[in-house]
Amino acid sequence: MKNKYSAIIFFLMLALGLHSQDVLIKNGTLLTITDGVKENTDLLIRNGKIDQIAKGLKASAGIEVIDAQGMFVMPGIIDAHSHLGIDAVNEATDPNTAMVWVGDALNPYDVGIYRALAGGVTISHAMHGSANAVGGQCETIKHRWGVHDPDELRMEGAPRTIKFALGENPMRVHGEGRRITPRTRMGVEQVFRKSFADAQVYMENWNQFNSGKIKSPPQYDLKMETMADILKGEILIHCHSYRADELLMLLNVLSDYGVKNITFQHVNEGFKVAPELAEFGAHASVFSDWWAYKFEVYYSTAYNAAILTKNGVVTSINSDSRELIRHLYHEAAKTQKYGDLSDNEALRLITINPAIQLGIDKRVGSLEKGKEGDVAIFKNHPLSIYAVPQKTIVDGVVRFDIDADPDDIRIDVDPNETIPAYIETQSQNAKGCSDGCMQGVHEILGHKH
Amino acid sequence: MIKNLKHVLCSCLISISLISFGQNSNTPKKVTNTYLIKNVFITSNPDVSPTFGSVLIKNGLIHQVGAAVAAPFDAEIIDGDSMYIYPGFIDALSHTAIKSTDDEDRPKAENPGNPPNDLAGIMPNRSAFSMLSSEESSLKDMRKAGICISHVVPKGNMLPGNGAIILTDGDSPEALTVKKDVSIFSQFKGASRMYPATIIGVMAKWRELYRRAEIAIKHVRNYNMNPSGLSRPNHDKELEALFPVVDKTKKVFFKASKTQNIYRALSLQKDLGFPIVLTEVQHVSNALNKIKSAKAGVLLSLKLPKEEKKKEEKEEDDKEEGQKDDSGAKKEKKKDTDPEKEALEKRKKESVKSYLEQASILEKNNIPFGFSFIDGKAKDLLPNVRRMIEAGLSEKAALKAMTIYPAKILGIDNICGSLDKGKIANLVMSDKPIFDEKTKLKYVFVEGNPFKMEEKKKKASASDEDAADIVGKWSYEMDIPMPDNTGIILISKTEDGHLIKIASVDDLTDFEEIEDAELDGDNLSFSFDVDNDGMTMNIGMDLNFSGESFEGTITPGAFGTFNITGNRTSKTPEKR
């Protein structure tokens with residue numbers, strides 16, 4: 001009964017948006033990531049930021065205290081590749097759709113956000129899909145479950161990012177589907193080269209207009225504006241990729257155009273070219289042990305993350321899935337079986353490293369004074385198979401609590417829904433799409449809403 | 001069998017109209033343009049209480065309202081007989097009187113990544129005025145609901161065109177029109193298989209078009225001042241149509257039913273700065289702060305959640321009673337009770353309640369609003385407003401939302417919205433106070449032109465015999481190379497026609513009611529939209545019934561046309 005009662009209060013608080021951003025976590029084992037492990041230590045969050053990390057902190061009146069005795073306290077997990085919280089994934093109409101931005105389609109009611117919180121994940125990178133060589137711009141979101149305004153879901157001030165894609169997905173959608181470039185891997189390269197070259201001309205035209213050398217304005221083009229911002233280094237590239245030859249191809253293209261910020265996503269053959277990636281300063285965001293779901297992903301290894309790490313590549317483990325995102329800590333732990341990474345190396349894969357890849361490592365990714373109050377509290381070590389997330393805190397607000405976890409957490413209930421609802425879930429699962437990146441691309445012949 | 005009887009309907013029903021009107025364009029010329037309505041309770045605007053008196057109408061305008069009005073010699077006198085009279089209702093946005101266009105002949109885009117604007121649904125230069133037809137039955141549907149003025153916009157995708165203010169009576173587009181090109185209509189509806197196909201595409205395209213229009217305006221104005229050394233401005237018709245929006249002199253009516261789409265429309269408004277009216281809004285209470293700060297207008301949708309069937313409620317009552325005397329039906333009770341299902345039902349009920357309360361929440365927040373009629377139907381106006389009143393909306397605010405508020409939002413409150421002298425003589429007359437459950441409309445005056453509502457006795461219509469017997473449960477198979485190629489259609493007989501429901505291919509319990517269907521003898525045709533990841537596709541069906549089977553075609557979007565066959569599996573359509 002007590003549980004039920006607290007669940008109701010928790011839910012009401014969510015509904016009313018009543019949140020204090022102060023919380024004191026007592027006597028936990030702190031996995032700080034950047035400053036070792038601190039046992040029996042307290043962590044105080046005030047106004048949403050980590051205020052103090054020390055032993056024997058006293059709570060001021062009215063502050064919420066969480067007893068973390070025997071628990072593990074780690075920075076909120078960060079997923080560098082997901083598609084949660086957005087109502088559109090692929091604008092699959094052109095090989096280059098740099099002008100679109102999934103931040104325009106945020107949906108704070110996506111219950112996947114809450115489920116990710118239940119896996120200790122506080123931040124995810126909501127990405128455009130991989131249908132196009134140059135996909136749309138992505139959005140880094142904080143899992144502030146309970147908000148209505150999409151602006152409150154955004155991680156304000158996080159750098160802009162964009163999706164690129166190599167290989168079979170853009171070739172299939174545009175080459176096979178429409179008989180246009182890119183029909184081959186060579187064609188994919190040319191999409192990038194032409195887009196960058198066009199953007200250089202575009203920038204030059206506007207420079208001439210702005211400096212008064214020409215009097216008539218060039219045509220404003222949002223796609224070219226975005227490509228120009230990439231050239232200026234204002235947007236980080238996150239590129240869907242598998243094969244080693246293509247990884248090197250894109251590095252060459254970027255070198256030619258002076259672009260430095262690149263994180264390769266999936267990057268299953270990254271282990272083959274790890275030194276080259278490290279030398280360029282490219283980052284890698286991988287699956288722990290998932291491959292062979294299409295031809296170009298047949299050559300892979302569960303040692304990928306470890307090999308990349310040992311070669312000095314900033315590496316993260318991502319989910320690209322509504323299910324995997326709920327146990328990224330298990331995914332990180334696999335690198336200890338395959339590759340003998342240390343606890344800290346393994347935990348970096350789901351905390352500070354993805355933060356570096358998203359350009360937010362000064363703000364999140366470790367337990368440090370001054371950083372944002374994003375914390376996951378675990379029963380048992382997060383790399384243990386017995387790990388169970390207990391509480392997940394975003395900006396000092398408890399957004400998931402295993403002791404106050406109602407059966408029905410939905411915020412937005414369709415007044416015309418069919419009950420029982422599980423039928424809908426079943427039919428969704430039956431669609432069995434193996435690759436989250438290709439949402440919205442498969443021909444829709446059913447008439448589902 | 002006579003096959004030329006065609007019933008075109010705006011509702012989901014294929015119906016034979018039971019109500020007819022005294023007037024239409026074929027009637028002989030009127031004797032007089034002067035009418036005196038005597039002995040009525042007059043609510044000249046929602047802020048005043050009704051007064052007993054008379055209304056004098058001359059040449060389409062309200063000439064005099066008062067307790068004692070002398071009858072001019074040429075006046076036709078209508079004895080109000082203690083009835084109630086109100087300002088004519090205003091439909092703040094709909095597709096009334098807009099001709100349906102054939103999209104089938106549209107050429108395929110050669111380059112789907114950069115299609116021509118018209119194919120991509122970007123037609124802000126189009127005018128509803130040029131698409132009006134005085135023959136459309138939707139005009140009659142509006143009048144029947146007491147609506148005298150409609151703000152009508154073209155159908156389409158992202159930017160269908162300019163809206164017009166029309167009367168709901170007139171025998172030509174010119175006669176219907178009060179004002180043309182008063183607004184721009186927009187929706188988050190992507191083009192089919194070309195850019196912009198999704199929400200993110202529509203948002204990006206809006207941003208780009210707007211910036212282009214801003215730059216183009218500057219260029220045109222610079223050129224007009226001093227063309228020397230400047231290239232001649234390119235007269236882009238779509239961009240020029242957006243100039244008044246950029247100048248903030250024309251409002252954008254943005255269809256945004258869901259909370260998420262309200263926020264999306266408001267973020268465009270905030271980034272770009274145009275004046276906005278949120279349209280066809282179903283749920284608004286989780287976005288109030290931003291609506292206020294954007295000074296956005298709001299038009300609520302008349303589409304409300306389906307009404308709980310009273311039968312079910314009764315069953316529940318029985319259950320509760322059964323719990324009190326714990327003898328008897330205990331066994332049955334156990335069988336029926338599924339706590340998970342009950343919890344879901346409870347949340348669904350709360351959700352329905354919340355949707356019904358939206359109008360009263362707007363009232364409490366002092367946000368004036370009107371009603372739009374895109375997804376809802378004209379005949380639902382009074383019944384659904386009554387449901388809103390039951391959920392807390394005051395009658396005064398309800399009447400305002402049907403009259404003076406939309407007049408103000410549309411900028412036409414100087415010609416309509418209240419019964420003031422000099423305004424257009426748009427009036428609604430009912431036998432009881434307007435929100436009384438048993439109210440019947442008796443007269444609707446559109447610009448002084450009286451329409452008498454008469455219920456005719458139901459007679460066995462010839463068309464009942466002409467139309468094929470299509471009632472029942474039908475299973476169909478499509479000749480499409482995909483795993484799920486079968487489905488179910490339910491057709492039931494209703495009071496005034498047929499109700500058609502089609503089940504989703506991948507979820508045979510998820511039914512959709514068909515909006516526009518035509519039954520012509522034994523031929524049934526209809527179409528519906530499917531929505532997936534922000535991409536909308538229209539699926540058309542054309543079925544020929546013959547006894548216990550049908551054959552025909554299905555046209556899913558631009559994928560081509562496929563054969564479809566079906567059989568009647570039961571003469572009685574099951575509920576679900």
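Q: What counts as a helix or a strand here?
A: Helices (H or I, at least four residues) and strands (E, at least two) are DSSP runs, numbered from the N terminus. This is a predicted model, where local features need pLDDT of at least 70, side-chain atom pairs count only at pLDDT 80 or more, and totals for chains, interfaces and linings use all residues. Residues are numbered from 1 along each chain as its sequence is written, chains are lettered from A and ligands numbered from 1 in the order in which they are written, and side-chain values use heavy atoms, leaving out hydrogens and water.

Q: What follows helix 4 of chain A?
A: Gly212(A) does. Its phi is positive, near 85 degrees.

Q: How far apart are the end C-alpha atoms of helix 4 of chain A?
A: Start with the expected span: 1.5 Å times one less than the number of residues. Helix 4 (residues 185-210) has 26 residues, so it should span 38 Å. Its end C-alpha atoms are 38 Å apart, which agrees.

Q: Which residues of helix 4 of chain A are buried?
A: Buried means under 20% relative accessible area, exposed over 50%, partly exposed in between (1.4 Å probe, protein chains only). Among the buried ones are Val188(A), Phe192(A), Phe196(A) and Trp206(A).

Q: What covers them?
A: The cover includes strand 8 (134-142), strand 9 (160-165) and helix 3 (168-178) of chain A. Helix 5 (222-231) and helix 6 (244-257) of chain A are also included, together with helix 3 (199-225) of chain B.

Q: What describes two packed helices?
A: The angle between their axes and the distance between the axes. Axes are lines fitted to C-alpha atoms, for helices over the stretch in contact (heavy atoms within 4.5 Å). Angles run from 0 to 180 degrees between N-to-C directions.

Q: How do helix 4 and helix 5 of chain A cross?
A: Their axes come within 9 Å and cross at roughly 95 degrees. That makes helix 4 of chain A roughly perpendicular to helix 5 of chain A. Angles under 35 degrees count as roughly parallel, over 145 as roughly antiparallel, 65 to 115 as roughly perpendicular and the rest as oblique.

Q: Which residues meet there?
A: Phe196(A) and Ala199(A) are among those in helix 4 of chain A, and Met227(A) and Leu231(A) among those in helix 5 of chain A.

Q: How do helix 3 and helix 5 (residues 259-272) of chain B cross?
A: Their axes come within 11 Å and cross at roughly 20 degrees. That makes helix 3 of chain B roughly parallel to helix 5 of chain B.

Q: How many helices and strands are in chain B?
A: Chain B has 13 helices and 27 strands. Of its 576 residues, 52% count as buried.
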